[in-house]
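Visitor: Please show me the structure, and let me ask how its labels were assigned.

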Amino acid sequence: MTPDNFDPASAIYTPAEVSTYAKQQIEWMRDNQHRAIKFFIPGIDQYFAPLLPGQVCAVIAQTSNYKSGFMHAWERSVADQLQRESRLDEVVVHVSVEESVEDQAFLLFSQETGEDAGDIARGQIQDWDRLHQAAIKIGTISIYRIGDSLARAEDFPKLHLSNMVKSIKHLQNELLGRKVKMAALFFDYLQAFPFDDDHKLTEKDNQRRLQVRSDIYRLRQAAAYFNAPVIVAVQAKQHLEGAPSKKFYLPGVFDGEESSSIAQRCDRVISLWMPKMTHSLGEVIDYKNVEFTVRENLLWVKICKQRGRLPAGRSWPCLIDFNLNRILVEE
């Protein structure tokens, strides 16, 4: 997946090839509709179409607006979907350069035990027997994690995108002793990816912007290569240009930090906003025909883009259950 010598013939398609490849793709989609992953929030799932293999969805939010929690909730829903549908040859992959695997697991333990994730991280456990039972169950959930661990602190990997892809290939072909399919690939988060030693950029100026632009293009390649949907968390700009107003501060489709290619190259874009991060708790926000009170667990979710003549532009107020990491539309 790293460009070397360019063969001009590789980019040219004859009319016959176009017809043949398109027909093959239509037939493949017909036979693989069951591999689409469903959206996990009831009430929005009818608006947001199932995400198909090869498609890329960006989840845009500013710092501390629940990007990672949103990703974890979605991937757990996908893992549960695989179990319900007996798709035993498929796995979910979560790649993180933000959280250690232990930090990610604390949220799973909180979901299974009902204990606070922060207390779990400090070893303050009320029911150790229930924790042990939770550990057994968590060990059967088909979410594989690529990142770093406190248990391997002497060997933190350099996880730029090329190495992420190498790890996913290894998981797909070798790690389990059998070939497995990727049901969905989650990446957290785009702007935090290290510079890629295996995919050097020739221009020296604006390296971070060029790296982000390159990585979003290569995530599209990864979605096609692994025949899986890719969901990538994206840091929003500090000053949002696409937000409706300072009162209603939801990121717009072009508010991904560093590059407009995020909006242009992704098939879907979702934006998130926790009003408590920009307003005071208890404050009443009145914007156009919408009025709501700022609360600790209030999250606005907007479907900014759906390619393929699907609807976009609608927003929902949601409430987060932090212990269960469950997000529900507020009635």
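Visitor: In which hand does H3 pass H5, and why is the crossing called that?

Guide: The crossing of H3 past H5 is right-handed. The term applies because the near helix is turned clockwise from the far one by less than a right angle, anticlockwise being left-handed. This is a predicted model, where local features need pLDDT of at least 70, side-chain atom pairs count only at pLDDT 80 or more, and totals for chains, interfaces and linings use all residues. Residues are numbered from 1 along each chain as its sequence is written, and side-chain values use heavy atoms, without hydrogens and water.

Visitor: Which residues of H3 and H5 make the contact?

Guide: Leu-108, Phe-109, Glu-112 and Thr-113 of H3 meet Arg-130, Leu-131, Ala-134, Ala-135, Lys-137 and Ile-138 of H5; contact means heavy atoms within 4.5 Å.

Visitor: What makes S6 count as mostly covered?

Guide: Six of the six residues in strand S6 (residues 268–273) are buried, that is, under 20% relative accessible area with a 1.4 Å probe, protein chains only (exposed is over 50%, partly exposed in between). Arg-268, Ile-270 and Leu-272 are buried on one side, and Val-269, Ser-271 and Trp-273 on the other.

Visitor: How do you know that S6 pairs with S1 and S9?

Guide: Two strands pair if DSSP finds at least two bridges between them. S1 (residues 56–61) and S6 have four, in the parallel sense, and S6 and S9 (residues 298–306) have six, in the antiparallel sense; both therefore qualify as pairs. Ile-60 has Ser-271 as its bridge partner in S6, while Trp-273 has Trp-300 in S9.

Definitions and conventions
Helices (H or I, at least four residues) and strands (E, at least two) are DSSP runs, numbered from the N terminus.
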